[in-house]
Amino acid sequence: MSKHKISVRANGQLYERDVEPRRTLLQFIREDLGLTGTKCACERGDCGLCTVLVDGVPTKSCLVLAVEVDGKEITTIEGLMEGEELNPVQRAFIEHGAVQCGFCTPAFIVAGGALLKRNPSPTEEEVKEAVGGILCRCTGYRQIIDAILDASKGAKK
Amino acid sequence: MPLPEFDYIRPKSVEELVSILAKHGSEAKLMAGGTDLLVLMRDRLVRPRYVVDIKGIGELQGLSWDEGRGLTIGAAVTLNEIIASEVIRERFGALWSAASELADPTVRNRATLVGNICNASPAADTAPALLVHNAEVEAVSAKGSRKIPIEDFFKGVKRTALGPDEFVKAVHLPNPPDGAKSWYLKWKRTWGEDLALVGVAGLVANSGKWIVRVALSSVAPTPVLVAEIQNAFEGGGTLEEKIEKAAASIPGGICPITDVRCNAEYRTHVAAILTKRVLRKLLGLG
């Protein structure tokens with residue numbers, strides 16, 4: 001099965017790689033780029049722990065082929081720092097203790113940040129809707145939702 | 001578990017796609033969002049030699065509406081694009097609400113309407129909406145193009161009327177009758193995301209004569225339109241009596257199974273209740 005050359009900008013850095021068609025974006029990010037902050041769990045689009053941004057849009061990377069993102073821009077949890085500073089969602093997750101085992105945290109922070117970019121002052125319902133595709137297997141949703149809401153208030157200050 | 005091996009093809013035009021399918025149709029699977037296909041491939045339920053990505057084809061991207069022709073939704077249009085459309089929200093409420101209930105917002109950034117119907121799951125959320133709106137599926141192959149009424153499109157669990165060399169270019173929805181309203185209600189186990197235990201779409205219009213259509217998902221091998229609903233509204237009686245009569249015709253129009261999500265008796269019960277609820281909502285009975 002012939003490989004395809006792809007050129008992808010991930011967290012601001014340009015990568016050129018040859019990929020097999022069957023390689024998922026998730027495998028590409030974790031194994032080829034070594035960005036292991038994006039987690040691999042259900043691999044069937046149910047849990048959303050592999051959520052990354054493709055051209056700014058939240059996407060379950062286990063259901064995308066790497067070859068499809070040729071020419072696109074990927075943002076993962078590793079690309080969210082603002083210089084040396086944590087971004088407001090990352091800070092709010094720490095302040096709210098919105099982390100139990102931590103395995104879902106990157107996905108929620110990536111999706112929460114994308115929501116705030118699109119809608120800087122979401123309601124609680126809008127936050128719940130936006131992260132509805134991500135499972136916290138520890139069920140610590142209350143703190144996660146509060147953290148995203150708080151980050152939105154922070155963004156307004 | 002890694003995906004099985006395949007070759008990836010990304011045609012740039014409908015002509016190119018037609019010739020790929022003429023040559024490799026039985027060994028190829030089309031991919032738009034991939035949200036069903038890649039799961040089936042991972043489970044080894046589908047083993048295509050070629051995966052043909054249709055997102056590079058400009059002609060399949062559009063969503064358009066006009067007063068004469070109605071609504072046309074191209075094969076690569078995502079569910080979130082459908083949800084963002086004011087025209088769909090105002091005139092095709094069942095489609096808008098079904099798209100809003102399908103999976104979750106992240107999946108909907110990739111998943112498409114045409115993918116949902118071509119996957120032909122009995123639980124396809126958008127199918128009942130297309131049934132009550134009398135949609136037509138535009139299928140294209142080297143032999144030409146044909147319009148398949150949505151009622152004839154679903155042939156069984158995961159089976160459609162499409163030939164191996166055919167693909168869906170677009171779905172067309174005629175403008176609904178004057179004053180028509182439509183909506184979709186979905187019953188599921190969890191608040192966030194789930195497959196429908198039962199899904200019910202309704203369409204109601206009355207400009208002198210009742211037009212009432214109800215279609216359901218997850219209650220038969222294919223999504224089904226229950227034609228007897230129209231009869232319930234043609235005789236006399238109060239609106240409440242008509243709604244009761246309509247709901248009473250539901251068990252005869254469906255054949256649900258018991259599965260891991262719930263049992264057949266429960267599905268039959270819920271199907272009748274959701275039918276009443278969607279009709280009451282559309283008739284303004286609260």
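This is a predicted model: local features need pLDDT of at least 70, side-chain atom pairs count only at pLDDT 80 or more; totals for chains, interfaces and linings use all residues.
Trainee: Why is strand β12(B) called largely enclosed by the rest of the structure?

Mentor: A residue counts as buried if 20 or more other C-beta atoms lie within 10 Å of its own. Seven of the nine residues of β12(B), which spans residues 198-206, are buried, so the strand is largely enclosed.

Trainee: How do you know that β11(B) and β12(B) pair?

Mentor: Pairing takes at least two bridges. Seven bridges join β11(B), residues 181-187, to β12(B), and the two run antiparallel. One of the bridges links L185(B) to V200(B).

Trainee: What joins β12(B) to β13(B)?

Mentor: Eight bridges do, again set against a requirement of at least two. β13(B) covers residues 210-217 and runs antiparallel to β12(B). G202(B) has V214(B) as its bridge partner in β13(B). The two strands form a hairpin with three residues between them, and G208(B) in the turn has a positive phi of about 95°.

Trainee: In chain A, why is α2(A) called oblique to α3(A)?

Mentor: The axes of α2(A), residues 88-95, and α3(A), residues 105-118, cross at roughly 130° and come within 9 Å. Roughly perpendicular ends at 115 degrees and roughly antiparallel needs over 145, so the angle makes α2(A) oblique to α3(A). The crossing is right-handed.

Trainee: Which residues make the contact?

Mentor: From α2(A) come V89(A), Q90(A) and F93(A), and from α3(A) come T105(A), I109(A), G112(A), G113(A) and L116(A). By class, the contact has four nonpolar, four polar and no charged residues, with Gly counted as polar.

Technical notes: Residues are numbered from 1 along each chain as its sequence is written. Chains are lettered from A and ligands numbered from 1 in the order in which they are written. A residue is buried if 20 or more other C-beta atoms lie within 10 Å of its own, exposed if 12 or fewer, and partly exposed in between; C-beta atoms are placed from the backbone. Helices (H or I, at least four residues) and strands (E, at least two) are DSSP runs, numbered from the N terminus. Axes are lines fitted to C-alpha atoms, for helices over the stretch in contact, and angles run from 0 to 180 degrees between N-to-C directions. Angles under 35 degrees count as roughly parallel, over 145 as roughly antiparallel, 65 to 115 as roughly perpendicular and the rest as oblique. A crossing is left-handed if the near helix is turned anticlockwise from the far one by less than a right angle, and right-handed if clockwise. Two residues are in contact if their C-beta atoms, placed from the backbone, lie within 7 Å.
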